[in-house]
Amino acid sequence: MKSCPVELKPYEKAHQNRLQEQNMMLFLQGRYAADAIMATIGNSPWFKSKSAPIHKYPKEPYPLFENAPENMTEEEKQREVDKFFAQESARRANWKLLHGRRNHEAEGSQE
């Protein structure tokens, strides 16, 4: 089965999303490692001045998103929900346009 470049775009986008997610996780891992180093070695008298604040390892995980749901107002949450459903509706309409046309073409060629 042959594929044209347009049919491969979703796979390319999915691959880019996986790479971006992996990059985010590695960045977050580095942030936790830096916190661990600062909470141990960074607090030693050889690396810290007496007036510098004491570094502590975070007690809770960092929020994964800038607008974490617990920090959002009800209006912001509702806007995010509305935005999600609008994007999902547009995605479905585009999928139907793209794949519906192909299905009709395939049905016509089989007859």
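Colleague: Which residue forms a salt bridge with E88, and how far apart are the closest N and O atoms?

Modeller: In this predicted model, E88 forms a salt bridge with R91, and the closest N and O atoms are 2.6 Å apart. Because E88 and R91 are three residues apart in helix α2, about one helical turn separates them.

Colleague: Okay, and is R91 buried, exposed or partly exposed?

Modeller: R91 is partly exposed, with a relative accessible area of 45%.

Colleague: What about E88 and R92, how do their side chains meet?

Modeller: The side chains of E88 and R92 meet in a salt bridge as well, with 3.2 Å from N to O. These two are four residues apart in helix α2, so they too are separated by about one helical turn. R92 is exposed, its relative accessible area being 52%. Since the salt bridges share partners, E88, R91 and R92 are joined into one network.

Colleague: How many salt bridges does the structure hold?

Modeller: It holds three salt bridges, and one of them is between the side chains of K9 and E12, at 3.5 Å from N to O. Both K9 and E12 lie in helix α1, three residues apart, which is about one turn of the helix. K9 counts as exposed at 52% relative accessibility, whereas E12 is partly exposed at 38%.

Colleague: Switching to rings, how many aromatic pairs are there?

Modeller: The count comes to two aromatic pairs. In one of them Y32 and Y57 are tilted, with 6.3 Å from centre to centre and 40 degrees between the planes. This pair links distant parts of the chain, as Y32 is in helix α1 and Y57 is in the loop between α1 and α2, 25 residues apart.

Colleague: Is Y62 buried or exposed?

Modeller: Y62 counts as buried, because its relative accessibility of 19% falls under the 20% cut-off. Y57, by contrast, is partly exposed at 41%. The charged end of R31 also sits over the ring of Y62, 3.6 Å from its centre.

Colleague: Last one, which residues form the nonpolar patch on the surface?

Modeller: That patch is formed by I37, I41, W46 and F47, which together have about 550 Å² of accessible area. I41 has its place in the loop between α1 and α2 and is partly exposed, at 45% relative accessible area.

How values were computed:
Residues numbered from 1 in each chain as written. Predicted model: local features only at pLDDT ≥ 70, side-chain atom pairs only at ≥ 80, totals over all residues. Heavy atoms only, no water. Phe/Tyr/Trp six-rings, centres within 6.5 Å; stacked < 30°, edge-to-face > 60°. Buried < 20%, exposed > 50% of the residue type's maximum accessible area, 1.4 Å probe, protein only. Lys NZ or Arg CZ within 6 Å of the ring centre and 35° of its normal. Patch = residues over 30% accessible without salt bridge, like charges linked within 9 Å, V, L, I, M, F, W, Y side chains within 5 Å. Areas by Shrake-Rupley, 256 points an atom, 1.4 Å probe, with all protein chains shown as cover. Salt bridge = Lys/Arg side-chain N within 4 Å of Asp/Glu carboxyl O.
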